[in-house]
Amino acid sequence: MNLVGWGLTGATLLAGLSALAVLLAPWRHRPLLAGVGTAGVGAAGLVAGVAAVGGGEFHAHLPELLPMLGIDLLLDPLGGLFPAVAGGVILVAAAYGVGYAARGHGNRSRSVQTVLPLFAFTLLLVPAAASVSTLLVLWELMALTSLVLVLADHRARPQVTSAGLWYAGMTHLGFVAILAGLVVFAATAGGDTFEALRAAQLSPTLASVVFAAALVGFGSKAGLVPLHVWLPRAHPEAPSQVSAMLSAAM
């Protein structure tokens, strides 16, 4: 295994161990454990991304993790740019979050602090997805973990619940559009790997349908006008370090 693979493996282990540590820790230690663990996830992703941009490549097929299709990961020089950027953002935001929480800001609940390193982990793995099924699973994990973090302070401020509902509604409508577009694409290609999709021959009409569905789905997550209505509501309500990850990485 090369440096790209070791970086992604390290991020996986750190995310899991950090989440477990937070689950078992008393409340006063949770922000430190979550922050340090999340920063470690970001650092590992940064290493993997930079190594990939430098010419490294990592491919893994994990059939036992997803029934029938398995999990396919591929990180090449172009794909490496994204975990490199996301890893750098995660590292800085998580380090800031430790001091932010120490000053009494943010939510120290078990669920919120446990989810933080897992959300960071999904930001690194989504760009490494090499099949439709893998992308959809990781994309939904990213959506669900980020929703928990957006709702962190819902008990303290009623507007957080409203923002969370907007975010949940738009992100899952987007997921339905992505699902529809990519399932049609994969069915036409005769396989769900991105390699099969690249070799597919779509009619102009079908290509337009797939493109429109993908544009709506990914555009809603990116805050593309007019699908951006959730963004100005959700981002200000999330804890500062989470808002940075939402804005600069996700």
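This is a predicted model: local features need pLDDT of at least 70, side-chain atom pairs count only at pLDDT 80 or more; totals for chains, interfaces and linings use all residues.
**Helix packing**

Helix α1 covers residues 3-24 and helix α2 covers residues 30-53. Their axes come within 8 Å and cross at roughly 170 degrees. Angles over 145 degrees count as roughly antiparallel, so α1 is roughly antiparallel to α2. On the α1 side, the contact is made by L3, V4, G7, L8, G10, A11, L14, A15, S18, A21 and V22. On the α2 side, R30, L33, A34, G37, T38, G40, V41, A44, V47, A48, A51 and A52 take part. By type, the residues of this contact are 16 nonpolar, six polar and one charged.

Helix α2 also packs against helix α4, which spans residues 110-125. Here the angle is about 5 degrees and the axes are 9 Å apart. Angles under 35 degrees count as roughly parallel, and α2 and α4 are therefore roughly parallel to each other. The α2 residues in this contact are R30, P31, A34, T38, V41 and G45. They meet R110, Q113, L116, P117, A120, F121 and L124 of α4. The contact of α2 with α4 comprises eight nonpolar, three polar and two charged residues.

R30, A34, T38 and V41 of α2 are listed in the contact with α1 and also in the contact with α4.

**Strand pair**

Strand β1 (residues 58-62) pairs with β2 in the antiparallel sense, over five bridges. Within this pair, H59 stands opposite L74 in β2. Strand β2 runs over residues 71-75, and four of its five residues are buried, so β2 is largely enclosed by the rest of the structure.

**Nonpolar core**

In soluble globular proteins, nonpolar side chains tend to be buried together. The largest nonpolar core in this model has 59 residues. The members that touch the most other members are V4, F119, L123, L124, W139, L149 and M245.

What does L149 touch, not counting residues up to four places away in sequence? The partners of L149 are V112, V115, L116, F119, A238, P239 and V242. F119, one of these partners, is itself listed with L149 among the core members that touch the most others.

**Single residues**

| Pair | Separation along the chain | C-alpha separation |
|---|---|---|
| L165 and W230 | 65 residues | 8.8 Å |
| G16 and G37 | 21 residues | 9.2 Å |
| V132 and L182 | 50 residues | 6.6 Å |
| A143 and A212 | 69 residues | 21 Å |

V132 and A143 both belong to helix α5, which spans residues 132-150. V132 is buried, with a relative accessible area of 4%. Leaving aside neighbours within four places in sequence, V132 is in contact with L182, A186, D192, F194 and L197.

A143 has a relative accessibility of 1% and counts as buried. Apart from residues up to four places away in sequence, A143 touches Y167, T171 and K221.

Is L165 buried or exposed? L165 has 60% relative accessibility, and the cut-off for exposed is over 50%, so L165 counts as exposed. This residue sits in helix α6, which covers residues 158-189.

G16 lies in helix α1. Its relative accessible area is 37%, so G16 is partly exposed.

Key:
Residues are numbered from 1 along each chain as its sequence is written. Side-chain values use heavy atoms; hydrogens and water are left out. Axes are lines fitted to C-alpha atoms, for helices over the stretch in contact, and angles run from 0 to 180 degrees between N-to-C directions. Helices (H or I, at least four residues) and strands (E, at least two) are DSSP runs, numbered from the N terminus. Angles under 35 degrees count as roughly parallel, over 145 as roughly antiparallel, 65 to 115 as roughly perpendicular and the rest as oblique. Contact means heavy atoms within 4.5 Å. Ala, Val, Leu, Ile, Met, Phe, Trp, Tyr, Cys and Pro count as nonpolar, Asp, Glu, Lys and Arg as charged, and the others, Gly among them, as polar. A nonpolar core is a set of buried Ala, Val, Leu, Ile, Met, Phe, Trp, Tyr and Cys residues joined through side-chain atoms within 4.5 Å. Buried means under 20% relative accessible area, exposed over 50%, partly exposed in between (1.4 Å probe, protein chains only). Two strands pair if DSSP finds at least two bridges between them.
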